[in-house]
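Dear colleague,

I am handing over the structure below, and my notes on what was found in it follow. Please read them alongside the coordinates.

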Amino acid sequence: MEEQKQNGLKNFLIYAAMILLGPAVAFGGCYLLEKPMDEIIRNMVVIIACCLLIVLSLAASGEKQTLFFNNFEHLSRFFFSFLLGLVFSVCSIFLPLKVLPVLVLAVFLSLTSNTITGSLAYLTFLFMMEFFTDMSSHGFFMCAFVGMAGIALFQNLDQDYLVNGALFASLVLLFVGETAFLILFEGQKISLDTFVLPMINVFISFLAILLFLRCFSTLVVHKYRERYQEINDPDFELLVRLKEESTNDYFHAIHTAYFCDKIARKIGANHYLAKAGGYYHKIGRADGKGNVLQKTVALAEQYKFPPELVELLEEYGDRNKTITKKETAIVLLADGVISSISYLLEKDKKASLDYKQVVDIVFQKKLESSLLYQCDITMKELTMMRKLLVEEKLYYDFLR
């Protein structure tokens, strides 16, 4: 509870700082540029309204858990991008629009929030640049087109982090957009000189985005990848302990992890997290008798599991809580199917089982319970999960 209060206070301070800093920079820039007072007031009203929209979008997206890469729990990422946007706005006073890497700003803002919030923030900073530089409508449209294209192309990044296609396409659109702007709206004739500034912008944007994506991958997206690779090894120390304590529990974990990994990849969930959840959802049994959940969490903390995995294990093990994580739902359903089939085969190894019926019963019971009411998993994803589990008949025969 205390931690939630601290996070709430931290988020409130970030919201307040954005609402105050945006208009302050807009006022300071317009004042130093000796803009008329009525124009300054108009600009202030626009920026205040835009900053309020950004904060509302950020808060709403956080409540609905639609921000990318767990960004709501780390709003400082977006706040850093917001400060970068203010720097870009000020730099637009001194640098020509044609070499200002606006694509970089758009990508930064979207990946540290989400598509909608990033778009609102990006347009806000374009408005601010227009206030400072008297940017033409054609220039504003060009910047908006390039930035929105970058946001759209990078919105589908997931744990696999396949950035090459999005990076290449966004840079091509940047080059085409700037070149078209110079030729169509600034009246430049087609020559080698026409392509110099767009190429400089493309080069700067390429280096900046590449550096950002590398840092973002290391510090955010794949922060715990190496740790997941270690603990998702069947020969990891803790799994060996489980095997020594109970062979049945060990192989149950192996089978559950196999399905969790396969399902997560199928529906686009975090397969590293889901697979680890399959391995360790009952790892407390490796520590002897007692409360399995308490022992599971204690072992997870002792072996320094990633925080999101500890949350998954707590969410799975505490039946008084409703499940919110998609990966926890995957573990719950995969474990239910494996447990049911293993139980039936233990009673009669030669039994002719209707695996489809077993899967349907497990799904029906879990869905009728209150466990998944607040989970962000969709019916389409549940249907894909059920279809995959039904089709694994050969694997179930392997359990005999």
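The secondary structure of the protein chain consists of 18 helices and zero strands, and please bear in mind throughout that this is a predicted model. Along its principal axes the C-alpha trace spans about 85 × 50 × 35 Å, and of the 400 residues in the chain, 49% are buried. Among the contacts with a separation of 6 or more, 72% are accounted for by residues 24 or more positions apart.

As for the surface, the accessible area of the protein chain comes to about 20,400 Å², with 61% of that belonging to carbon and sulfur atoms. The chain carries 38 positive and 42 negative side chains, and the centres of these two sets lie 6 Å apart.

Helix α17, residues 379-390, has twelve residues and reaches 16 Å from its first C-alpha to its last, which is close to the 16 Å expected at 1.5 Å a residue. Its buried residues are Glu 381, Leu 382, Met 385, Leu 388, Leu 389 and Val 390, and they pack against α11 (247-267), α15 (326-347), α16 (355-368) and α18 (393-398).

Note on methods: Residues numbered from 1 in each chain as written. Predicted model: local features only at pLDDT ≥ 70, side-chain atom pairs only at ≥ 80, totals over all residues. Heavy atoms only, no water. Helix = DSSP H or I, 4+ residues; strand = E, 2+ residues; numbered from the N terminus. Buried < 20%, exposed > 50% of the residue type's maximum accessible area, 1.4 Å probe, protein only. Contact = heavy atoms within 4.5 Å. Areas by Shrake-Rupley, 256 points an atom, 1.4 Å probe, with all protein chains shown as cover. Lys, Arg positive; Asp, Glu negative; His and termini not counted. Charge placed at Lys NZ, Arg CZ, Asp CG, Glu CD. Expected span 1.5 Å × (residues − 1).
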